[in-house]
Amino acid sequence: MAPDRIQLYYSTFYLGVRQAVRAALSESGIHIAQIAVIFCTNLGLHVWSMLAQVLRVSLERFYNLTLSKDGHIHNTDILNNIDHAIHSGFLKEGDLYMTISVGFGGYYGCAIHRYSKKVNELCI
């Protein structure tokens, strides 16, 4: 594939994910500053660094503490990251957090959640 076509793909990818994030924030009436942490699939920091720039948020808000140890675990990165954040005390009762999922074929999704220990106890 030609380099300019690859660049175009990534440009539209980041804009598409940004639009999904903006739509989720708008629908929930929440500002991104209220989000304590952002959980994503473990695709590498270069992807999330660019998205952080596009969203105008700090890369430190993107949870990446499992990336070096666990790498990319198909379909479970986000759940693994959330579990790790809970057990490490990084995610606290009442925190709002965002999940951004990216998958094969260029699909992506975004959701906003509030962490509740009671609900989590039922799930784990």
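Accessible areas here come from the Shrake-Rupley method with a 1.4 Å probe. With that noted, I looked up the total for this predicted model: the protein chain exposes about 7700 Å², and carbon and sulfur atoms supply 57% of that area.

**Entry: layout.** I went through the secondary structure next and found five helices and three strands in the protein chain. Read along the sequence, they follow the pattern α-β-α-α-α-β-β-α. I also checked burial: 35% of the 124 residues count as buried. Of the contacts between residues at least 6 apart in sequence, 57% join residues at least 24 apart.

**Entry: cores.** Which residues have the most contacts inside the largest nonpolar core? I found Val21, Ile38, Trp48, Phe62 and Ile100, in a core of 21 residues. At least two residues of this core come from each of α1 (3-28), β1, α2 and β2 (96-102). Another core lies apart from it, with ten residues that include Val37, Phe39, Ile78 and Ile82.

I then picked isoleucine 38 and set aside its neighbours within four places in sequence. Its remaining contacts are Val57, Arg61, Phe62, Tyr63, Met98 and Ile100.

**Entry: aromatics.** My search of the whole structure turned up four aromatic pairs. One of them, phenylalanine 39 with tyrosine 63, is tilted, at 5.3 Å centre to centre and 50 degrees between the planes. This pair links distant parts of the chain: phenylalanine 39 sits in strand β1 (residues 37-40), tyrosine 63 in the loop between α2 (45-55) and α3 (67-70), and 24 residues separate them.

Are the two partners buried or exposed? Phenylalanine 39 has a relative accessible area of 0%, so I noted it as buried. Tyrosine 63 is buried too, because its relative accessible area is 6%, and the cut-off for buried is under 20%. I also wrote down one aromatic cluster, formed by Phe39, Tyr63, Phe90 and Tyr97.

**Entry: helix α4.** Which residues of α4 (residues 77-87) are buried? My list reads Asp77, Ile78, Asn81, Ile82, Ala85 and Ile86. They cover an arc of only 165 degrees around the axis, so they lie on the same side of α4. The general rule is a handy reminder here: an α-helix has 3.6 residues a turn, so residues three or four places apart point the same way. On the other side of α4, I found Leu79 and His87 exposed. Last, I looked just past the end of α4, where glycine 89 takes a positive phi of about 80 degrees.

Terms used: Residues are numbered from 1 along each chain as its sequence is written. This is a predicted model: local features need pLDDT of at least 70, side-chain atom pairs count only at pLDDT 80 or more; totals for chains, interfaces and linings use all residues. Side-chain values use heavy atoms; hydrogens and water are left out. Rings of Phe, Tyr and Trp (its six-membered ring) pair if their centres lie within 6.5 Å; planes under 30 degrees apart count as stacked, over 60 as edge-to-face and the rest as tilted. Helices (H or I, at least four residues) and strands (E, at least two) are DSSP runs, numbered from the N terminus. Buried means under 20% relative accessible area, exposed over 50%, partly exposed in between (1.4 Å probe, protein chains only). The arc is that of the directions from the helix axis to the C-beta atoms. A nonpolar core is a set of buried Ala, Val, Leu, Ile, Met, Phe, Trp, Tyr and Cys residues joined through side-chain atoms within 4.5 Å. Contact means heavy atoms within 4.5 Å.
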